[in-house]
Amino acid sequence: MENIFKQVNCPSIIKITHSYPISVALALEQGVGDILSHQAVACVNSVSSSNGVARVNGVAFFNILYKEEGKILSYESSAELAFEISDSRISADSLVNLNIYVKNSAVTKGANGLEITAQIHAEGYFNCPRAISFLEDIEGAVVKKGEITPLTCVKCFTATAQVDGEKSYPFFIERVIYHSECARVTNAISATGEIIVEGEITSELLLLKRNGERALERIVTPFRYEVDCEASEPNHLVNAFVSVNQATFKISSEEEANSAEIACEYSLFVSGVLTAQTAVNCVIDGFSTTNELDFESEKEEITRLLETRAIKHKHFGEGDITLGLTDSVIATAFCAVEELEIKKEQPANVDINGVATCFVIVKKEDGELYGERVQAPFFVTVESDQAPVFANAQIHGAVARNLEGKCLLEFEIILTLTSAKQEEVVLTVNAIEGEERDQKSSAISVVFINQGDDLWAVCKKALASEQVILADNPDVTFPAKADKAVVVYRKLQ
């Protein structure tokens, strides 16, 4: 007897975290007064993985708001990031998704400028392919087959893109005091040789008008980008992610018309995974009319599907600071999610806990300005029978208010959850051929079956195919409704 085996690379998504401290010195020519608040964000520029290590290159952006002679001023700077993530499970070209965050950032004034300290936290998800083998067919035997469709291919892709946008305003703008960006993917599809990624970029801007007033504005820029991918076919599934590496704004103001236009230039990092599924027929059980068969089976957990969905959550709650009764919040800036935890304790739900961090600029009754760092915990319950493999969170339209000394925060969170549907299957991995069966000399075989026996169980007892059993016993239905005898007519040798 010949055993025919089929091998499939069944992906397994693994999570790897890494952190390291950074310290950046900023030498400034101008003096710096009171520091109101600051933003520190990090973006990925490129990731390359080989066996046991992933090399990450990125950039950290710093935006510092400070007060000098009663005016709000800002200073922007950046620092290159380069680090390695070591783990024996990482293989070549295995990146699925990588996020990096800046945690516990602080700005202090030194003798010749500013000193920024922070912790860079990297959270990477890699495809760890696992080869599984199973018996596909048995020569010379009657077999019962089942079909499974595992996720058999995960191909990672990365690209950079440039996106332009613009917006007009009915007032004169002197400059952009600060800006904060987030981007999300709204659709990703595969075509022959390319992947089409669609999404939008949201910029929160604090603008300084000609009359000295400040205005909080939002610019939403849609984008559509085509990523070359030789292995892509129209029926493949695509999960894509996007982050803003850099954003620049050019202001064109007209004094006579008292209007302005802002041109936006964004540099994006696009990454994602391309997945394919292969339907496989595998042997569930079998028997031979000529020889005894002994089957060896193993339980295997296969990934059936990798899917992403976006969920919007409105949050309105109290922050962790207390304000003076006469203080007014004039700007809410630099919003981000610093902590995100996923728990699945119920079969139909997934619980997501997080902490949103915002920096607010507060004005006292006498006109003095000061900055505060506000944190607000949030909790979201999502209906899902699958535990997410990983998640991203972005904050839009955050607004802080003072209500009797309580700092109330209102914002919208867009959660992007990626889930892997797992299924445990029992696969026949080997079949051992034993001694020859004793051939019946009688032309009729009588087999006694029990109530509840299905057709396949009867076939194995009678050493006959399903078609033979049904043809010789038209009065018997399966599963058997009572203890009964079935007849198999055989040809005499």
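The legends below describe close-up views of a predicted model. Local features need pLDDT of at least 70 and side-chain atom pairs count only at pLDDT 80 or more, while totals for chains, interfaces and linings use all residues. Residues are numbered from 1 along each chain as its sequence is written, and side-chain values use heavy atoms, with hydrogens and water left out.

**View 1. Tyr125 and Phe390 form a tilted aromatic pair.** The structure holds six aromatic pairs (rings of Phe, Tyr and Trp, the last by its six-membered ring, with centres within 6.5 Å; planes under 30 degrees apart count as stacked, over 60 as edge-to-face and the rest as tilted). In the pair shown, the ring centres of Tyr125 and Phe390 are 4.5 Å apart and the planes meet at 35 degrees, so the pair is tilted. Tyr125 belongs to strand β7 (residues 113–127) and Phe390 to strand β21 (residues 388–403), so the pair links parts of the chain 265 residues apart. Strands (E, at least two residues) and helices (H or I, at least four) are DSSP runs, numbered from the N terminus. Tyr125 is buried at 3% relative accessibility, and Phe390 is buried at 2% (buried means under 20% relative accessible area, exposed over 50% and partly exposed in between, with a 1.4 Å probe and protein chains only).

**View 2. Phe241 also pairs with Phe390.** The centres of these two rings, Phe241 and Phe390, lie 5.5 Å apart with 55 degrees between the planes, and the pair is tilted. Phe241 lies in strand β14 (residues 237–254), 149 residues from Phe390 in β21. Phe241 is buried, at 6% relative accessibility. Tyr125, Phe241 and Phe390 form one aromatic cluster.

**View 3. Lys209 and Arg210 sit over aromatic rings.** The charged end of Lys209 is 4.4 Å from the ring centre of Phe171. Arg210 lies over the face of Phe172, 4.7 Å from the ring centre. A charge sits over a ring if NZ of Lys or CZ of Arg is within 6 Å of the ring centre and within 35 degrees of the ring normal.

**View 4. Helix α1 (residues 455–462) has its buried residues on the same side.** These residues are Leu455, Trp456, Val458, Cys459 and Ala462. They cover an arc of only 160 degrees around the axis, which puts them on the same side of α1 (the arc is that of the directions from the helix axis to the C-beta atoms). The buried residues of α1 pack against β9 (142–148), β16 (280–287), β23 (444–449), α2 (466–472) and β24 (484–489), where contact means heavy atoms within 4.5 Å. Leu463 follows α1 and has a positive phi, near 55 degrees.
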